[in-house]
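Hi everyone, thanks for coming.

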Amino acid sequence: MYMDVMGWRLDWTAARNRLLGSSRFQAWASRTPIVRLVARRNARHLFDLTAGFVYTQIAAALIDSGLFAALGQRPLSLAEAARIADLSEDAALTLLRAAMALDLTEPAEGLWTLGSRGAMLSGTAGVPEMIAHHRLLYRDLADPLGMLRRDSGGALAALWHYGGDADPEAVANYSALMAASQPMVAAQALAAYRFGRHQRHLDIGGGVGRFISAVAPTAPRLAFGLFDLPPVVAQAAPRLAAAGLASRVTLHPGSFRTDPVPTGYDLVTLVRVLHDHDDAPAQALLRSIRESLPQHGRLLIVEPMAETRGAEPVGHAYFGFYLAAMRSGRPRTAGEIESMLRTAGFRSIRELSTPLPLVARALLVDR
């Protein structure tokens with residue numbers, strides 16, 4: 001029966017692809033009402049596959065030039081925009097018009113301001129920083145097959161590799177990027193789960209403490225622990241102290257690859273941690289977490305997941321290649337993570353609803 005179904009699906013897919021790949025069918029579809037609308041939409045998607053890199057570089061140029069930040073403050077004349085970006089007026093106009101086509105900018109009363117998509121981008125913490133950070137990813141993707149074939153890491157892997165002999169600048173760059181993009185992920189977790197029901201919360205891979213800082217105001221009686229590599233924890237300490245959280249946070253410098261997970265916490269969180277690691281260390285981490293939890297302890301996993309409905313390209317396409325460039329980790333479906341959790345000994349697993357699953361989904365696990 002299974003082979004019959006597989007055979008039917010392969011036959012149907014082959015027939016569909018022959019039809020869609022036919023120039024005669026495409027010409028007919030472009031002329032036929034109703035079908036023409038679908039054909040035009042598909043043509044736009046195909047063109048975006050070709051032009052997508054150009055679009056992202058336009059956004060990067062707008063940010064790197066300083067124009068994005070300046071337009072977020074007030075409308076600018078063309079002459080002002082050219083001066084801020086250190087471009088001729090013709091070049092500045094080319095950039096502004098290109099950004100306008102992407103709804104990042106728009107002209108108004110002889111001045112330039114942010115477009116509606118640009119305004120949304122300015123209000124989404126972490127996205128401009130991620131766009132700027134992508135210049136490292138693009139170095140690796142200049143030769144995507146070479147990136148997939150080589151054993152050693154490229155530009156992105158060098159940034160993310162910050163072990164005991166880490167370059168302090170690499171640690172700072174990584175931590176700054178994660179801190180900047182953390183708020184939009186933290187918002188998903190806070191909307192999905194009530195942290196105040198717990199007494200002690202350990203954030204593994206907690207970076208400089210941005211997630212803890214987001215949770216703390218919502219649960220004033222909650223004590224925290226932060227477990228991360230020593231160079232990262234060293235940067236977290238002054239930031240948490242400045243936020244008035246030093247007395248509420250116990251710092252645990254170490255590596256979950258070599259050190260046991262700290263005990264005494266009834267909630268453990270993994271926020272964008274699991275997908276950064278290959279299956280073997282990720283599986284070992286889940287097993288260590290279960291051993292560290294008390295009888296009624298919980299684990300909360302918050303991260304982007306593959307095959308999320310409505311956001312399919314984010315998983316295997318974007319994060320698949322991003323993590324391949326990192327030379328560590330892979331995007332996983334919720335089902336794959338659940339299977340790993342059951343292998344680690346967890347039994348009660350359920351998904352919590354988040355406002356923007358594209359940004360992050362959440363799995364709540366009872367020990």
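Let's start with helix α14, residues 279-292: 14 residues, reaching 20 Å from the first C-alpha to the last, close to the 20 Å expected at 1.5 Å a residue. Expected span here is 1.5 Å times one less than the number of residues, and helices (H or I, at least four residues) and strands (E, at least two) are DSSP runs, numbered from the N terminus.

Quick housekeeping. This is a predicted model, where local features need pLDDT of at least 70 and side-chain atom pairs count only at pLDDT 80 or more, while totals for chains, interfaces and linings use all residues. Residues are numbered from 1 along each chain as its sequence is written, and side-chain values use heavy atoms, with hydrogens and water left out.

Back to α14: P281, A282, Q283, L285, L286, I289 and S292 are buried. Buried means under 20% relative accessible area, exposed over 50%, and partly exposed in between, with a 1.4 Å probe and protein chains only. What do those buried residues pack against? They pack against β3 (200-204), β6 (267-271), β7 (298-303) and α16 (334-343), contact being heavy atoms within 4.5 Å.

On to the cores. A nonpolar core is a set of buried Ala, Val, Leu, Ile, Met, Phe, Trp, Tyr and Cys residues joined through side-chain atoms within 4.5 Å. The largest has 28 residues, and F195, L300 and V302 have the most contacts inside it. Among the elements giving two or more residues to this core are α11 (168-192), α13 (230-242), β6 and β7. Apart from it lies another core, of 27 residues, including L270 and I301.

α13, by the way, has V232, V233, A236 and L240 buried, and just after α13, G244 takes a positive phi of about 75°.

Now the charges. A salt bridge is a side-chain nitrogen of Lys or Arg within 4 Å of a carboxyl oxygen of Asp or Glu, and a search of the whole structure finds nine. In one of them, R135 pairs with D64, with the closest N and O atoms 2.8 Å apart. That pair links distant parts of the chain, R135 in α8 (127-141) and D64 in α3 (35-64), 71 residues apart.

D279 sits in α14 and R330 in the loop between α15 and α16, 51 residues apart. R330 also meets E336 in a salt bridge, 3.3 Å from N to O. Through shared partners, D279, R330, R332 and E336 join into one network.
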